[in-house]
Amino acid sequence: MNKRVLVAMSGGVDSSVAAALLKKKGYDAIGATIKFWAKELCGFDSPHSCCNLSSIEDARRVAEKIKIPHYVFDLEREFNTEVVGYFMREYLCGRTPNPCIICNERIKWGFFLLKAEEIGADSIATGHYARVDYDKRKKRFLLKEAEYKNKDQSYALFNLKQQQLAKTNLPLGNYTKPHIRHLAKELGLDIFDKAESQDVCFIPQKNKKHFFAKFSSEIKPGPIVNREGKVLGQHKGIAFYTVGQREGLGLAAGRPLYVTKIDAANNKLVVGEIDEAKSRSLIAGDLNWISIDKPRRKIKAQAKIRYNHPKANATIFPESDNCVRAVFDSPQFAITPGQAAVFYRDDLVLGGGWIE
């Protein structure tokens, strides 16, 4: 085979085994770890942070063990601009960002893919649990859920374009996580039982308040109101809240209250009971269709409104050239502006967009 592939190696078990599987299949595999963030601004003191030195060293040791080259690419500036900048802007305007999707699209399948092309690699590979196929009849690449549904990460890849999928290798799509850990142990990789990485990897110990204090002076307290506009309390800054949130409101209402809306223009949080935090529909824009052409009429699909949300039956109505309305068969809890709505037909990703 001898096709050259650049493998994104984080130092975790998934990307390590992905590299080993490709090497075993005959690929000319090259490992590379992305340095995302300066350690003084990252969660460098945490074993789950994105760029601690021990993770880079873990990746280097794995590459040495399986006998492939290993490099470190410094993409700190790109990550700061494309991911952290986006993350800050979204929270400050009352939306809840999804930095993992943006990082995949712009860093791993953006700058990292450019690095691969510079060294003559035919594709890049990651340890994501998802599958890429090619439909010869439609002449398009397809994105599918992983066989192991408990670990499926297709949601976080919905924004990849055809030219990116054409250069994508996802070796773990047909494996379970326990099997991957078993393979790592068989290979003699001492990271076989390494803990999972955590989301929002650049925030130390998930401390958003500490992180925002370093980057913004725009966060101000404001009123918490009900849907009638009655003031119930005060919030610490809209950046610290998301739709559906119950904890941390500091309200003594005698019943559970949830954030139902973030009014960034007036620096207000609107809260209500659980039924008020549910909705039957959403608007999604900035769409990316993968396995089908842009719908011209309504279609039936299953939709996910966040990574850990179960797929729910919905009807998708075209609203404009780059916008759809999804109407669910039953109300969904905490449909959140800024998150992705990803549409499926069984295990096939049709496409998706950003909730408005």
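Reply: Helices (H or I, at least four residues) and strands (E, at least two) are DSSP runs, numbered from the N terminus. Ser291 lies in the loop between strand S12 (278-289) and strand S13 (299-304). This is a predicted model, in which local features need pLDDT of at least 70 and side-chain atom pairs count only at pLDDT 80 or more, while totals for chains, interfaces and linings use all residues. Residues are numbered from 1 along each chain as its sequence is written, and side-chain values use heavy atoms, with hydrogens and water left out.

Me: Why does Ser291 count as buried?
Reply: Buried means under 20% relative accessible area, exposed over 50%, and partly exposed in between (1.4 Å probe, protein chains only). Ser291 has 0% relative accessibility, so Ser291 counts as buried.

Me: What does Ser291 touch?
Reply: Contact means heavy atoms within 4.5 Å. Leaving out residues up to four places away in sequence, Ser291 touches Lys138, Arg140, Leu142, Leu348, Val349 and Leu350. The side chain of Ser291 also reaches the backbone oxygen of Val349 at 2.9 Å. A polar contact is a pair of N or O atoms within 3.5 Å; within protein, one must be able to donate a hydrogen and the other to accept it, and residues adjacent in sequence count only if both atoms are side-chain atoms.

Me: Why do strands S9 and S10 stand at the edges?
Reply: Two strands pair if DSSP finds at least two bridges between them. The open sheet of 4 strands has the order S9-S8-S11-S10, with mixed pairing. Strand S9 (231-235) and strand S10 (258-263) each have a single partner strand, so one side of each is left without a neighbour in the sheet.

Me: How do you know that S8 and S9 pair?
Reply: Strand S8 (residues 222-225) and S9 pair in the antiparallel sense over 4 bridges, and the definition asks for at least two. Ile224 has Gly233 in S9 as its bridge partner.

Me: How many disulfides does the structure hold?
Reply: The structure holds 0 disulfides. A disulfide is a pair of cysteine sulfur atoms within 2.5 Å. The closest cysteine sulfur to that of Cys323 is in Cys93, 17 Å away, which is too far for a bond.

Me: Is Cys323 buried or exposed?
Reply: Cys323 has a relative accessible area of 12%, so Cys323 is buried. Cys103, at 7% relative accessibility, counts as buried too.
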